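Keep the structure open as you read.

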Amino acid sequence: MDKQKRSLKRIQIRDGFIAGSPIVIGYIPIAIAYGVLAKQAGMSLFELTGMSILVYAGASQFMGAGMIGLGASALEIIVATFVLNFRHFVLSLSFVNQMKQYPLKWKLPLVLGLTDETFSVSSIYKKQVDHRYGAYFYGTIILTSYLSWVIGSLLGGVLGDVIPERLSQSMGVALYAMFIGLLIPSVRKYKRVAVISVVAMLINYLVTPYIGQGWGIVVGTILGGLAGVFILEEDKV
Amino acid sequence: MIWVIIIGMALVTIIPRIIPAFIVDLIHFPEWVNKWLKAIPYAALGALIFPGILSVIPDKPFVGLVAGVAAILLAWFRVHIIFVVLLSILTVVVLTISVG
């Protein structure tokens, strides 16, 4: 009996590792690039790794390190971070709704590790919520992503510019390709999903010049999702 | 000073992340809100992909665009996501080398 439980858990952990591996491929080069930039901005190894451990939000860390380098005030940096990361609230709302049946002691560590990437992967793999020990599946995705981000930042800070610029720049496409790779199978299964995404893209594209990248993604996501209320049929999502 | 910034950044990032964990159990959402929340992943993916992908190589938006179209085609023909990611990286490497 105990043996069976353990093997069920092991299967969920293995599947979570496989599902999370595109995130690791995407995170490591970006985290290294962050480490390099933060070091150049004058942050110590301890500080730049600490930021990855405590903040764990890529775009805002690039921005924060950059602003520290420019000598911006703490208040400016913190407000800009809030604006850029507020989208996590919307994502977390959707994520927690998906795992409603999990107790708070599972929900809390899971949402703490919520990023654009861990959210995207977890919300496309919906079935696991109903699997026995499915929380181990999501937990593995989140933990491996977190560790690859933290270790990658540390590497960037220690080694400096180790990856040739052309390669690290090219690897910047990895997370976008992952988002596309997650979205397309859903579109294939149910074409109306494409309408939601395209609405969100267009709204983001149109409003970003006026309200900035952070709010652009928030507004695009909220309104694109709202389009879904009208066009999705029951039981199809 | 840097630690004040880091801790401030951490707080304003973590608080919006965790609030939903506490409120989803307390509020019973009407059906349309549940539908909205189910549509959020697809909307978020859209907003995260575009127009951000155009800035993969600054000043060369077509590089990101071509890599994105390549990723769409690969994913459409059921190529595994890992290879979608790796082949998109390769596309960008080849394009930046050949266009300079």
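1. Asp116(A) has a relative accessible area of 9%, so it counts as buried. The cut-off for buried is under 20%. Keep in mind throughout that this is a predicted model.

2. Which residue pairs with Asp116(A)? The partner is Arg87(A), and the closest N and O atoms of this salt bridge are 2.7 Å apart. The pair links distant parts of the chain. Is Arg87(A) buried or exposed? Its relative accessibility is 8%, so Arg87(A) counts as buried. Side chains of opposite charge can pair when their charged atoms come close.

3. Now look across the chains. Lys107(A) and Asp25(B) meet through their side chains in a salt bridge, at 2.8 Å from N to O. Lys107(A) counts as buried, because its relative accessibility is 2%. Asp25(B) is partly exposed, with a relative accessible area of 46%.

4. How many salt bridges does the rule find across the interface of chain B and chain A? It finds one. Over all chains, the structure holds four salt bridges.

5. Another salt bridge joins Glu233(A) and Arg192(A), with the closest N and O atoms 3.9 Å apart. This pair also links distant parts of the chain. Glu233(A) is in the segment after α11 (192–231) of chain A, whereas Arg192(A) is in helix α11. They are 41 residues apart. Glu233(A) counts as partly exposed, at 31% relative accessibility. Arg192(A) is partly exposed too, at 37%. Both values lie between the limits of 20% and 50%, so neither residue is called buried or exposed.

6. Turn to the whole contact between the chains. Chain A gives 87 residues to the contact and chain B gives 66. About 7100 Å² is buried between chain B and chain A. Carbon and sulfur atoms give 78% of that area.

7. Which residues does Phe89(A) touch, leaving aside its neighbours within four places in sequence? They are Pro16(B), Ile19(B) and Pro20(B). For a sense of distance, compare Phe89(A) with Gly139(A): they are 50 residues apart in sequence and 19 Å apart in space, C-alpha to C-alpha.

8. Next, find the nonpolar patch on the surface. Its members are Leu45(A), Leu143(A), Leu147(A), Ile151(A), Leu154(A), Leu155(A), Val158(A) and Leu159(A). Together they have about 680 Å² of accessible area. Where does the largest share of the patch come from? Helix α8 (residues 134–159) of chain A supplies seven residues. Leu147(A) has its place in that helix. Its relative accessible area is 43%, so Leu147(A) is partly exposed.

9. Helix α10 of chain A covers residues 174–189, which is 16 residues. At 1.5 Å a residue, α10 should span 22 Å. Its end C-alpha atoms are 24 Å apart, which agrees. The helix is mostly covered, since 13 of the 16 residues of α10(A) are buried.

10. Two residues other than glycine have a positive phi. For Tyr56(A), phi is near 50°. Tyr56(A) lies in the loop between α2 (45–54) and α3 (58–70) of chain A. Its relative accessible area is 3%, so Tyr56(A) is buried. For Arg78(B), phi is about 60°. Arg78(B) is in the loop between α3 and α4 (81–99) of chain B. At 64% relative accessibility, Arg78(B) counts as exposed, because the cut-off is over 50%.

11. Last, look at one peptide bond. Is the bond from Phe50(B) to Pro51(B) cis or trans? This bond is cis, with omega near 5°. Pro51(B) is found in the loop between α2 (31–49) and α3 (61–76) of chain B.

Conventions:
Residues numbered from 1 in each chain as written. Chains lettered and ligands numbered in written order. Predicted model: local features only at pLDDT ≥ 70, side-chain atom pairs only at ≥ 80, totals over all residues. Heavy atoms only, no water. Helix = DSSP H or I, 4+ residues; strand = E, 2+ residues; numbered from the N terminus. Expected span 1.5 Å × (residues − 1). Buried < 20%, exposed > 50% of the residue type's maximum accessible area, 1.4 Å probe, protein only. Contact = heavy atoms within 4.5 Å. Patch = residues over 30% accessible without salt bridge, like charges linked within 9 Å, V, L, I, M, F, W, Y side chains within 5 Å. Areas by Shrake-Rupley, 256 points an atom, 1.4 Å probe, with all protein chains shown as cover. Buried area = accessible area lost by both parts, 1.4 Å probe.
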